[in-house]
Amino acid sequence: MNMAPRQEKENARRSQGRRKLRIAAPLMDRPDNGPYIFMQRLMHALVARGHHWVGDDADADVRIGVIEEDIDRWHDAGVPVLLRLDGVYHDSAIHFGERNAGMARSHLLADAVVYQSRFARTMARRYLGLPVTPLQQVIPNGAARREKSAPPLFPGRALVFTAARWRPHKRLEDMVQGFLEWRRPDAVLCVAGAVAPFCEHPSVKWLGALSPDALVPYYQQAMAFLHLAWIDWCPNTVVEALAAGTPVICTANGGTRELVGDSGIVLSEAPYDGAPCDLYHPPRVPPGMVADALSRLAAAPLAVCRPDLDIGCTAAAYEAMLLRTVEMRPSLKKRVRTGGRKGENRWAAL
């Protein structure tokens, strides 16, 4: 009996123990943004686990869609789709409903959905609706955990670090003011990222945009990492700091506090209720709160060990979801759409 080449390849992969998947995932071209950075890490980690990254090749077992995906195209090719969502548009200053429309359709039709945080899941359900699939999971981003090797950047000084793709809701000015309010003469604040320096002070160092690798010594040697973004989903910089063993000071809204947990200090502020908001005009963080948190960490250094944020652990969680996605739709290639309005996820086996 002759088998189709696709079935022969599938049987060969199954015969090698844990199934090796051909994973289609976008070859993203934005090296300065969070989804690109994370997807590169994830795909390389999945390849290290024996899977194959086939780019946009339709001869795949499963597709990882990022934020917005042409689900129909992959279903027509017989490929189920796991959608990885970042967040949603909820800024009252823009037409967020229009901006969310493509994501909403992808969210509805995906065969599996991964959210970066419980906050991201709650916001997706509020702004995008409920997905059809029951296969949904929260998996935070991950980063490589590395041994410390660089010589001291600022010998004898207390290093405080922050890094981001800077926008108004990240509240960089509040971080700088809070650091200066600390008034510790031997401390230095290093700010990484493309932002125009707005404060000339000998204890504030503006590093400019750095590659992820260049950031590592700062994470590893900092006594604290500052991330006061008002609303964030699962910031890579916080994951990188925690993976490096550095405690994080953050605020109580968004998904960041879920990441930090007891691996830092979460500053209280008025709770955000999820409604459309003026995102780029966030409430201010009092400098005294930041200074007090820095004093507490300086007086009682916090040991941080977060193997759960290692990219290998993250890849294992994605691998399990990908395998379940494939197993839940084993006969997708043999299915046809049974009608209904465009966008409805109605299939029937032939």
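This is a predicted model: local features need pLDDT of at least 70, side-chain atom pairs count only at pLDDT 80 or more; totals for chains, interfaces and linings use all residues.
Student: Which strands make up the open sheet of six, and in what order?

Tutor: The order is β2-β1-β3-β4-β5-β6, and the pairing is parallel.

Student: What makes β2 and β6 edge strands?

Tutor: β2 (52-53) and β6 (136-138) each have a single partner strand, so one side of each is left without a neighbour in the sheet.

Student: How do you know that β3 and β4 are paired?

Tutor: Count the bridges. A pair needs at least two bridges, and four join β3 (residues 62-66) to β4 (residues 81-84), so these parallel strands count as paired. For a landmark, Gly 65 has Leu 83 in β4 as its bridge partner.

Student: What about β10 and β11, how many bridges do they have?

Tutor: Three bridges, again in the parallel sense, between β10 (residues 224-227) and β11. With a cut-off of at least two, β10 and β11 therefore count as a pair. His 227 has Cys 250 in β11 as its bridge partner. Then β11 is joined to β12 (residues 264-267) by four bridges, also parallel, and Val 248 stands opposite Gly 264 in β12.

Student: Which helix goes with β10 and β11 in a β-α-β unit?

Tutor: Helix α8 (residues 236-243), and the unit is right-handed.

Student: Which way do the residues of β11 point?

Tutor: Val 248 and Cys 250 point one way, Ile 249 and Thr 251 the other way, and all are buried.

Student: What does Tyr 272 touch?

Tutor: Leaving out residues up to four places away in sequence, Tyr 272 touches His 90, Phe 119, Met 123, Tyr 127, Trp 230, Ile 231, Asn 253 and Cys 277.

Student: The structure holds eleven aromatic pairs. Why is the pair of Tyr 219 and Phe 225 called tilted?

Tutor: The centres are 5.6 Å apart, and the cut-off for a pair is within 6.5 Å. The planes make 50°, which is neither under 30 degrees (stacked) nor over 60 (edge-to-face), so the pair is tilted.

Student: Why is the pair of Trp 230 and Tyr 272 called edge-to-face?

Tutor: Its planes are 65° apart and the cut-off is over 60, so it gets that name; the centres are 5.8 Å apart. Trp 230 sits in the loop between β10 and α8, and Tyr 272 in the loop between β12 and α10, 42 residues apart. Phe 119, Trp 230, Trp 233 and Tyr 272 form one aromatic cluster.

Student: What makes the phi of Arg 171 and Arg 183 worth a look?

Tutor: Most residues other than glycine have a negative phi. Arg 171 has a positive phi of about 60°, and Arg 183 has one near 55°.

Student: Where are they, and is each buried or exposed?

Tutor: Arg 171 is in the loop between β7 and α6. With a relative accessible area of 4%, under the 20% cut-off, Arg 171 is buried. Arg 183 is in the loop between α6 and β8. At 66%, over the 50% cut-off, Arg 183 is exposed.

Key: Residues are numbered from 1 along each chain as its sequence is written. Side-chain values use heavy atoms; hydrogens and water are left out. Contact means heavy atoms within 4.5 Å. Buried means under 20% relative accessible area, exposed over 50%, partly exposed in between (1.4 Å probe, protein chains only). A crossover is right-handed if, with the strands pointing away from the viewer, the path from the first strand over the helix to the second runs clockwise. Rings of Phe, Tyr and Trp (its six-membered ring) pair if their centres lie within 6.5 Å; planes under 30 degrees apart count as stacked, over 60 as edge-to-face and the rest as tilted.
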